[in-house]
Amino acid sequence: MAEKLNAVKGMNDILPPESARWEWLEATVRDLMGRFAYRNVRTPILERTALFVRGIGEVTDIVEKEMYSFEDRADKHGKFEHLTMRPENTAGLVRAVIEHNMLYEGPKRLWYTGPMFRRENVQRGRFRQFHQIGAEALGFAGPDVDAELILLANALWKAIGLTDVRLELNSLGQPAERALHRAQLIAHFEKHADKLDEDGKRRLHSNPLRILDTKNPAMKDVVESAPKLIDFLGAESLAHFEGLQAILKANDVAFTINPRLVRGLDYYNLSVFEFVTDRLGAQGTVCAGGRYDDLIAQIGGKPAPAVGWAMGIERVLDLLKEQGAEVAAPVPNAYAVVPDAASMPVVLRTLQQLRESGVSVQMHAATADGLSSFKAQMKKADASGATYALIFGADELARGEVTLKSLRDGSGAQSARALAEVATWAATLQSPAPNT
């Protein structure tokens, strides 16, 4: 017997009925994005490694430790490309916008969904293949679009019934303001170097802002006493931040300002925000984003402002499941009971007519043991969740009919329907069973 092969650690299969929850969330997101006039973009899973090194930053955890990268096969000239499975999708989306000159006709509102890949320690809410939904607005400079994106995320929580999620805001200002803060931050941490863990010492001169995001409780005091970036912001940065807050307040969106909120990626500036929860342990961020006005130029495009967010699908579904939210599994309108294999040509012709009329029908088909008994098929019809059973018995077919039996109202009511007039009664199968 061949060796059994399992999925790669941290890369999970999504099977029915769980997959129905994914489809429901994706359909809700698709509808909401359309109402906010965001258009779908689909980018490759594989990108050149240089895109993420340049876009995310060489001294981030993602680039240093987490990316799945490899050298592609050499071409006929002996040249090869260094490729990476995307660890996030903002850089890839921006690359696509630049490559296809999408901003030539003006700003764009875009959204995406799909798998991302990071080689992390597998734990609740964190996998090596995980899925994100993201929304990005490119070419807009004002806080109004920052607010619009937050309102979009907030509308999604309402649409899916997600509770116990709170919004935190901060501003990272502009590069010159961060440079002043960075110098003060390094000086502060150098004075307390004995309090830093190994990760903090490693980041001290390469990315000191990320020390503020530590989860190490032993470093809490030294982080709390560190200089706050908001105290270094100039008039324009403060006006942008205050404009964002004013719009959110006008829309009754509750938030708190978290001066320690930073982003793990180097391309962010001005507004940053997170929707967080206490129900997922250390992995409490459900949706995160902010403004990244320098990224387009950083990747090689003409400078343009941009802002966006990404949310983890697994985390959102995990939260919904924990709060007891139910998503109904899809069930067929009807289940076709086929006692005799010889009737299959007529059965399939009828079912195809029903499906073309918009009816969902599950057909009982033969297994290696042949067709089941009539009684066994009726049990399967009931277990399928279908509202009706369609019984293609020999007597019915001889009369050019099929028997329609109600399965859900307790009556078991039956009626004959003419095979030659499928279109006239197809709609009946999409209606609830009559209470007779």
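This is a predicted model: local features need pLDDT of at least 70, side-chain atom pairs count only at pLDDT 80 or more; totals for chains, interfaces and linings use all residues.
**Entry on the patch.** I looked up the nonpolar surface patch and found that Ile45, Leu46 and Phe70 make it, with an area of about 220 Å². I then turned to leucine 46, which lies in strand β2, residues 46–48, and noted that leucine 46 is partly exposed because its relative accessible area is 38%, between the limits of 20% and 50%.

**Entry on β9.** I asked how many residues of strand β9 are buried, and for residues 269–276 I found eight of eight, so that I have β9 down as mostly covered. I followed its pairing on to β7 (residues 166–171), which is joined to β9 by six bridges and runs antiparallel to it, and to β10 (residues 285–291), also antiparallel to β9 and joined to it by six bridges. I noted valine 276 of β9 opposite arginine 166, and opposite threonine 285 in β10.

**Entry on the five-stranded sheet.** I read the strand order of an open sheet as β13-β12-β14-β15-β16, with mixed pairing. I recorded an average twist of 25° from one strand to the next. I found β14 (residues 388–391) and β15 (residues 401–406) antiparallel and joined by four bridges, with leucine 404 in β15 as the bridge partner of leucine 390.

**Entry on the helices.** I saw helix α12 (residues 344–356) packing on the sheet, where it touches β12, β13 and β14 and makes about 160° with the direction of β13. I also saw helix α13 (residues 374–383) packing on the sheet, touching β12, β14 and β15, with its direction at about 170° to that of β12.

How values were computed. Residues are numbered from 1 along each chain as its sequence is written. Side-chain values use heavy atoms; hydrogens and water are left out. Patches are made of residues with over 30% relative accessible area and no salt bridge: like charges are joined within 9 Å, nonpolar side chains (Val, Leu, Ile, Met, Phe, Trp, Tyr) within 5 Å. Accessible areas come from the Shrake-Rupley method with a 1.4 Å probe; for residues, only the protein chains shown count as cover. A salt bridge is a side-chain nitrogen of Lys or Arg within 4 Å of a carboxyl oxygen of Asp or Glu. Helices (H or I, at least four residues) and strands (E, at least two) are DSSP runs, numbered from the N terminus. Buried means under 20% relative accessible area, exposed over 50%, partly exposed in between (1.4 Å probe, protein chains only). Two strands pair if DSSP finds at least two bridges between them. Axes are lines fitted to C-alpha atoms, for helices over the stretch in contact, and angles run from 0 to 180 degrees between N-to-C directions. Contact means heavy atoms within 4.5 Å.
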